[in-house]
Protein chains: 2
Amino acid sequence: MEFKETMKKRRAINFFDSEKPVDKETLKGIVETAALTPSGFNFQPWGLVVVRSQEEKAKLRELAWNQPKVSEAPVVLVVLGDKTSWREGHKDFERAWKDMVDKGLMKENARGMVAGGSEKLHQGTERSLAFAVKNAGMFAMSLMLAAKDAGLDTHPMEGFDHAGVLGYLGLDPERYFIPMLIAVGHFKGEKELGPAKYRKSYDELVLEER
Amino acid sequence: MEFKETMKKRRAINFFDSEKPVDKETLKGIVETAALTPSGFNFQPWGLVVVRSQEEKAKLRELAWNQPKVSEAPVVLVVLGDKTSWREGHKDFERAWKDMVDKGLMKENARGMVAGGSEKLHQGTERSLAFAVKNAGMFAMSLMLAAKDAGLDTHPMEGFDHAGVLGYLGLDPERYFIPMLIAVGHFKGEKELGPAKYRKSYDELVLEER
C-alpha cells in the first residue's frame, strides 16, 4: 500500500472479528518491518509480549478497564520499553556497540565517549523513562502502520492498570514501562467505522518558525 | 512510495546538502500527513518548532553537542511533547472532547468519566512525562516516514542539552519535553551512505507468547 494511504487508512477500530485469526507468519512480517524503526544509539529498547489465547486475553481484559476489544481481537501486543538498555553492559548496548565497531561506524577507542554520552542523556528516573518511551512509541507507530499495510487493523490502548499488567507478565517495573497495548485483527464486517476524529493543522502544530 | 519501501529506505543520514532547501509547502505536507498519527484520547499532545535560519541553527547546534548536521540540514524540527494536554481545561483536552461529542462518539454526560480516566492514567511526574513522550514518539516516527515519502531524508537526534534547548526556545519545562530533534533535508550527493545497522529479529523482540 502507498505510504500516505497507509497513514490515512489506519484507524483505531473498536470491533474486531474474533473468528478471523492473525497467522504467525503475518505477525512476524509486521514485527520485522517495524523493527526497522530507528532508536537512540540503535539500542532498540523495545519488546513485545504477544497475547493470543482466550484465557490470557480474558485476564488482560480485566486489567484493561474491561475493554471488549482486548478479548475480541485475535492478538493483543503488549508493547514494552526497556528503561535500562542505554547502560554499558546491557545486552542492547553491547550488541549495538559491537555492530557499529564491526561495520566501521565507530572506533573501539570511542567506547568511553559513547557510554558516557548515553549515561549523561539517560541516567535518572525521568530520563531513563523518556528514553524507553520515546523509542517504544516510535516502534508502536511502525507496528500499527505495518499491520495496516498487511491488511489488518489495530487499536492502541493506554487504558489499563500499568502495575497490574507488569505484574501479570512477571516483568520488573524497574526495567520495563508499557506505553500501550495494541489490539490487532480484522475489522468486524457488519460494524460501521465512525467518523474520523479531527487532527491539528500545520499552523496549530507549529508553535514557532525561526 | 510503498509503505515497506518507505520503512526500508528511511535511514538516519549524517550528511545534508546545505544548498538544497526544503520548501514550505513540502514541509507542510509532511507535517499534515504525520498529524494523522493516533494519540491517547486524541489529545495530540505534540508540537514543533521549525528552525530554518542559519543563525538560529548555529545556536541550536551549540546546544546539540556541536553536531554539524544541525547547521547543515536546511530544516531542523524540534519535536515537543506536552505533559499537560490530558488535563481537563487544557485546549487539547477541550477540543478533543468537543470533537467527540459533536461527532456522536461520546455523550455529554460521559465527560466526568473521561476526565477522571485521563487524570488517573496521566497524573504525576512520571505518568505525564510518559504520556507526552509516547505520543510525541509516535508523531516523530510518522514525520520521518512522511519526509522519506516526500523524497527527503532525516536524522533523529537525542544528543542535546534538554534544559538548554527549552531555554533557548523559551518553553516551560513544566509543560514541555523534547524527545528529539529531527534534521530534514536532502542527502549530500557525493557522500556515501554507511552500512545499515543490525535490527533485532522477531524472536529477539518477542519476550513471550501467551
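Author: The contact takes 67 residues from chain B and 67 residues from chain A, two residues being in contact if their C-beta atoms, placed from the backbone, lie within 7 Å. This is a predicted model, in which local features need pLDDT of at least 70, side-chain atom pairs count only at pLDDT 80 or more, and totals for chains, interfaces and linings use all residues. Residues are numbered from 1 along each chain as its sequence is written, and chains are lettered from A and ligands numbered from 1 in the order in which they are written.

Reader: Which helix gives the largest share of the side of chain B that touches chain A?

Author: Helix α7 (residues 125-149) of chain B gives 14 residues. Helices (H or I, at least four residues) and strands (E, at least two) are DSSP runs, numbered from the N terminus.

Reader: What makes β1 of chain A and β5 of chain B a pair?

Author: Two strands pair if DSSP finds at least two bridges between them. Strand β1 (residues 46-51) of chain A and strand β5 (residues 206-209) of chain B have three, in the parallel sense. A:Val49 has B:Glu208 as its bridge partner.

Reader: Why are A:Ser118, A:Leu121 and A:His122 called buried?

Author: A residue is buried if 20 or more other C-beta atoms lie within 10 Å of its own, exposed if 12 or fewer, and partly exposed in between, with C-beta atoms placed from the backbone. In α6(A), A:Ser118, A:Leu121 and A:His122 are buried. They cover an arc of only 80° around the axis, so they lie on the same side of α6(A); the arc is that of the directions from the helix axis to the C-beta atoms.

Reader: Which residues are exposed on the other side of α6(A)?

Author: These are A:Gly112, A:Met113, A:Gly116 and A:Lys120.
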